[in-house]
Structure formats: C-alpha cells, structure tokens
Amino acid sequence: MAARKRASTDSSAQTKPNENTKRPKPKEPPLTDPPIAPPKSGVIFKLMLFFSIPYFYLIFYHCKIEHELRKSILINAALGLAGFFVTVKMIPVASRYVLRRNLFGYDINKKGTPQGTVKVPESLGIVVGIVFLVLGILFQYFNFTADSNWLVEYNAALASICFTVLLGFVDDVLDVPWRVKLLLPSIAALPLLLAYAGHTTIIIPKPLIPHVGLEVLDLGWMYKLYMGLLAVFCTNSINIHAGLNGLEVGQTVIIASAILIHNIMQIGASADSEYKMAHAFSLYLVQPLLATSLALFSYNWYPSSAFVGDTYTYFAGMTMAVAGILGHFSETLLIFFVPQVLNFLLSLPQLAGIVPCPRHRLPRFDPGTGLLTGTNDGTLVNFFLRRFGRMTEKSICICLLVFQAIACCFCFVLRFFLAGWYK
C-alpha cells in the first residue's frame with residue numbers, strides 16, 4: 001500500500017488532474033473455481049444418519065413432548081438443516097477471500113510432504129458463526145413473542161456468542177498472546193451475565209444434606225462468577241485441545257450431540273414447564289451449532305482443506321457454555337468436557353509458565369513414515385501418542401474422538417445410576 005501511495009504522490013506532483021476525474025479502480029482477480037477440495041459428503045452423510053436415528057426416536061417415540069414444543073424443536077431443526085447447506089456453499093466462497101487477504105496456513109503435521117506446501121485457508125469458523133447467528137435471529141420469529149420471558153436471555157446469549165465470534169476473528173488476524181486469550185471469553189460473556197435473571201441457587205446432593213443442613217443453597221453473585229468462569233473454561237478448552245485435522249470440530253460435534261440428546265430426554269421426563277423451557281432453550285442453540293459444525297467438518301476432516309481458526313473454537317466453546325448455563329445442567333456439561341478437563345490439567349504447567357511453552361505444542365511428524373510421535377508437551381494428543389505409540393494423524397484423531405464419545409456416554413450412565421440418590 002505504501003508503494004502505491006508514493007506512486008500516486010509522484011504522479012500528482014507532475015500533473016495535477018481534475019478532482020472530478022474518476023480514476024479507474026484496479027481490477028480484482030476474478031473469483032474462479034473453489035481453491036479447496038470439495039466437501040467429504042460421504043463422511044457427513046454417515047454421521048447425519050448415525051445421529052438422526054436416536055434423535056427422531058427420542059422426539060417422536062420415546063419422549064412425551066407437547067405438540068407445540070415439538071413443533072418449535074422441529075422448526076429449529078429445519079432451520080439448522082438449511083444452515084448446513086448454506087454453510088457448505090459459503091465455505092468455498094469465503095476461502096477465496098481469506099486467501100486473497102493472505103489468511104492461510106501450512107499444515108505442520110504434513111511438513112516435508114507435498115500436502116505440507118499447500119496454502120490452507122484459515123479462520124473459516126467465521127462462516128459458521130455468521131450462519132449460526134442469522135439462524136438464531138430468524139428463529140425468534142417462529143418461537144418467541146414480544147413479551148416472552150426468555151427473549152431477553154436469548155438475545156443476551158446471541159450477543160455473547162456474536163461477541164465471541166468477533167474476538168475470535170480478531171485473535172486470528174492479530175495473533176493475540178495467550179495471557180490475553182484467557183481474558184477474551186470473560187469479556188464476551190458479559191452480555192449474558194448482566195442479562196441473566198434466572199435462579200442463583202444450587203441443589204445440595206442428598207448425601208451432603210445432613211452435613212450442610214440445607215437442601216438448596218443460594219450463591220448469589222458467586223453463581224454468576226461461576227457462570228463466567230465456566231464460559232472462560234469451555235471456550236479456551238476447545239481452543240487448546242486442537243492441532244489435528246478435524247479434532248476441534250469433531251469434539252464439538254460429539255459434545256453438541258450429547259447435549260442435544262440430554263435436553264430431549266430431560267424435556268420428555270419432566271412435568272415442570274419452566275424446567276422444560278430451560279432445556280428447550282438450550283436445544284434451540286445446540287441444533288444450529290451441530291448442523292453448521294457438520295458442514296465445516298466436511299472440509300476440516302483429514303486431509304483438511306480448511307482451517308477453523310480461533311474464531312470457531314471460541315464460538316463453539318461459548319455456545320456450548322451458554323447452552324449449559326441457561327439450561328441449568330453445568331455439572332453434566334463438565335462431565336461431557338472430561339477430555340478437555342484432562343487436557344487442561346496436562347497443559348496447566350506450560351500455560352502457567354512453570355514449564356517452557358512453545359508456540360505450537362504439536363507432535364513431531366516423520367515425512368518418511370507419515371507417523372506422529374508424541375513430545376513432552378502437556379497435551380492430550382501427545383499423551384495418547386506417548387502412551388499408545390506412534391500413529392498417523394487420522395488414527396490419533398479418531399482415537400481422541402472415540403475417547404470424547406466414551407466420556408459423553410459415561411456421563412449418561414453416571415446420571416442413570418445416580419438418579420434419585422445424588423439429587
């Protein structure tokens with residue numbers, strides 16, 4: 001830009017053109033065919049088929065859901081499905097623009113191979129975030145009235161998510177330091193915390209009631225502090241449990257699916273209208289998240305043709321945190337996040353500065369064999385590689401996603417056995 005300015009200044013010194021003369025604008029390069037590989041439709045079709053079977057079984061057969069509430073859930077699902085196709089179409093378009101603005105990266109886990117020299121567009125989580133927010137706004141027309149008690153919190157949730165998308169994109173562009181990254185989600189959570197008008201109480205577990213002397217404890221402002229810390233943890237935990245093709249989006253898809261099933265089961269099992277609405281509120285956020293994430297997963301799965309960036313990891317973490325907070329199942333949400341908790345505990349010495357922390361805490365790639373070797377960096381990826389031996393990037397990602405699914409299934413089993421005894 002500086003060179004262009006100097007050329008413009010020199011020419012104006014020689015001949016002063018008429019101010020009304022229109023200068024021809026430089027032509028931008030034409031938008032040709034998408035520079036990224038087409039979506040992996042076969043993988044996504046299998047995933048959608050796998051998730052849709054238990055979903056429709058719970059919605060139409062197993063759970064007793066009122067007609068109006070089921071109608072709202074299905075409208076939200078239809079909007080999510082539309083968002084899936086829009087996202088699939090928009091990602092190649094957005095990739096051309098981010099490549100033209102030099103927002104690309106090289107796949108470090110393929111360094112030394114031809115794939116390691118390919119420019120992969122980054123920050124394409126911005127597409128998912130924008131489509132999600134549009135769907136969230138449109139859904140208000142079908143579900144909420146002007147005097148709805150949930151409308152304020154719903155808009156506050158969308159504002160927090162929108163703020164998170166903005167801060168994530170800023171992080172992708174400006175490369176914000178780690179110490180600042182930890183604070184960004186707390187700022188983004190402010191609209192939700194200030195608009196929250198729900199209860200600030202917790203139910204004391206039955207085994208502890210004789211010792212505490214209370215069945216319900218009002219935490220007051222401490223509950224909102226807990227909400228803010230939960231939002232910070234969920235957002236950053238997705239961000240640091242990353243580094244493999246498909247890992248960030250894959251873990252989001254699995255957790256979002258678990259949240260979706262949990263919400264439907266709780267709606268069908270409860271007779272309390274407010275309790276049902278809390279879980280329906282959470283479900284209205286999770287269904288579009290799952291649909292748009294599946295669209296991104298079709299490009300991000302190995303071998304990745306699009307990088308999600310911090311924009312997506314922030315967005316996904318905040319959305320699931322908001323769903324858990326306003327759905328009043330933060331304990332269950334934390335159990336869904338068990339792999340992320342373990343990854344955070346492994347990462348804590350490096351994040352705290354006790355142990356040196358490199359910029360990329362990735363395993364070592366051997367271009368001769370195509371295998372990854374675990375390093376001493378404190379991540380779950382490296383821990384799995386040290387424990388189970390060298391693997392390909394696709395294999396270690398599948399192992400971690402299976403571990404994520406096992407953690408979510410463990411949560412459902414735990415809730416089943418503790419029901420009626422713990423609370």
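## Ser 298 and helix α12

Helices here are DSSP runs of H or I at least four residues long, numbered from the N terminus. Ser 298 sits in one of them, helix α12. The model is predicted.

Ser 298 has a relative accessibility of 2%, so Ser 298 counts as buried. The cut-off for buried is under 20%. Setting aside residues up to four places away in sequence, Ser 298 touches Pro 39, Lys 40, Ile 44 and Val 88.

## The largest nonpolar core

The largest nonpolar core holds 104 residues. Ile 264, Phe 337 and Ile 396 touch the most other members. Helix α12, residues 273–300, gives the most to this core, with 15 residues.

Ile 396 shows what such contacts look like in detail. Leaving aside neighbours within four places in sequence, Ile 396 is in contact with Leu 244, Leu 372, Val 381, Phe 384, Leu 385 and Met 391.

Helix α4 covers residues 125–143, which is 19 residues. From first C-alpha to last, α4 reaches 27 Å. That is close to the 27 Å expected at 1.5 Å a residue.

The buried residues of α4 include the run Gly 125, Ile 126, Val 127, Val 128 and Gly 129. Val 131, Phe 132, Leu 133, Leu 135, Gly 136, Phe 139 and Gln 140 are buried too. The packing partners of these buried residues are α3 (67–100), α5 (151–174), α12 and α13 (309–326).

Ser 123 lies in the loop between β2 (120–121) and α4. Phi of Ser 123 is near 60 degrees, a positive value in a residue other than glycine. Ser 123 has a relative accessible area of 1%, so Ser 123 is buried.

Rolling a probe the size of a water molecule over the atoms shows where empty space is left. A search of the whole structure finds one cavity of 30 Å³ or more. The volume of the largest cavity is about 30 Å³.

The lining consists of Tyr 223, Tyr 226, Met 227, Leu 230, Gly 324, Ile 325, His 328, Phe 329 and Ser 330. The largest share, four residues, comes from α10. By class, six lining residues are nonpolar, three are polar and none is charged.

His 328, one of the lining residues, is found in the loop between α13 and α14 (330–336). Phi of His 328 is near 60 degrees, again a positive value in a residue other than glycine. His 328 has a relative accessible area of 30%, so His 328 is partly exposed.

## The second largest pocket

The second largest pocket has a volume of about 1200 Å³. Its lining has 43 residues. Closest to the centre of the pocket are Glu 122, Glu 248, Asp 310, Arg 359 and His 360.

The lining divides into 17 nonpolar, 15 polar and 11 charged residues. Five elements each supply at least two lining residues: β1 (104–105), α5, α6 (178–181), α10 and α13.

Tyr 302 and Pro 303 are joined by a cis peptide bond. Omega is about -10 degrees. Pro 303 lies in the loop between α12 and α13.

Definitions and conventions
Residues numbered from 1 in each chain as written. Predicted model: local features only at pLDDT ≥ 70, side-chain atom pairs only at ≥ 80, totals over all residues. Heavy atoms only, no water. Core = buried A, V, L, I, M, F, W, Y, C linked by side-chain atoms within 4.5 Å. Buried < 20%, exposed > 50% of the residue type's maximum accessible area, 1.4 Å probe, protein only. Contact = heavy atoms within 4.5 Å. Expected span 1.5 Å × (residues − 1). 1 Å grid on protein atoms, 1.4 Å probe; cavity = no way out; pocket = protein on both sides within 12 Å on 5 of 7 lines; lining within 4 Å. Points joined across faces, edges and corners; volume = space filled by probe spheres on them. Nonpolar A, V, L, I, M, F, W, Y, C, P; charged D, E, K, R; others polar.
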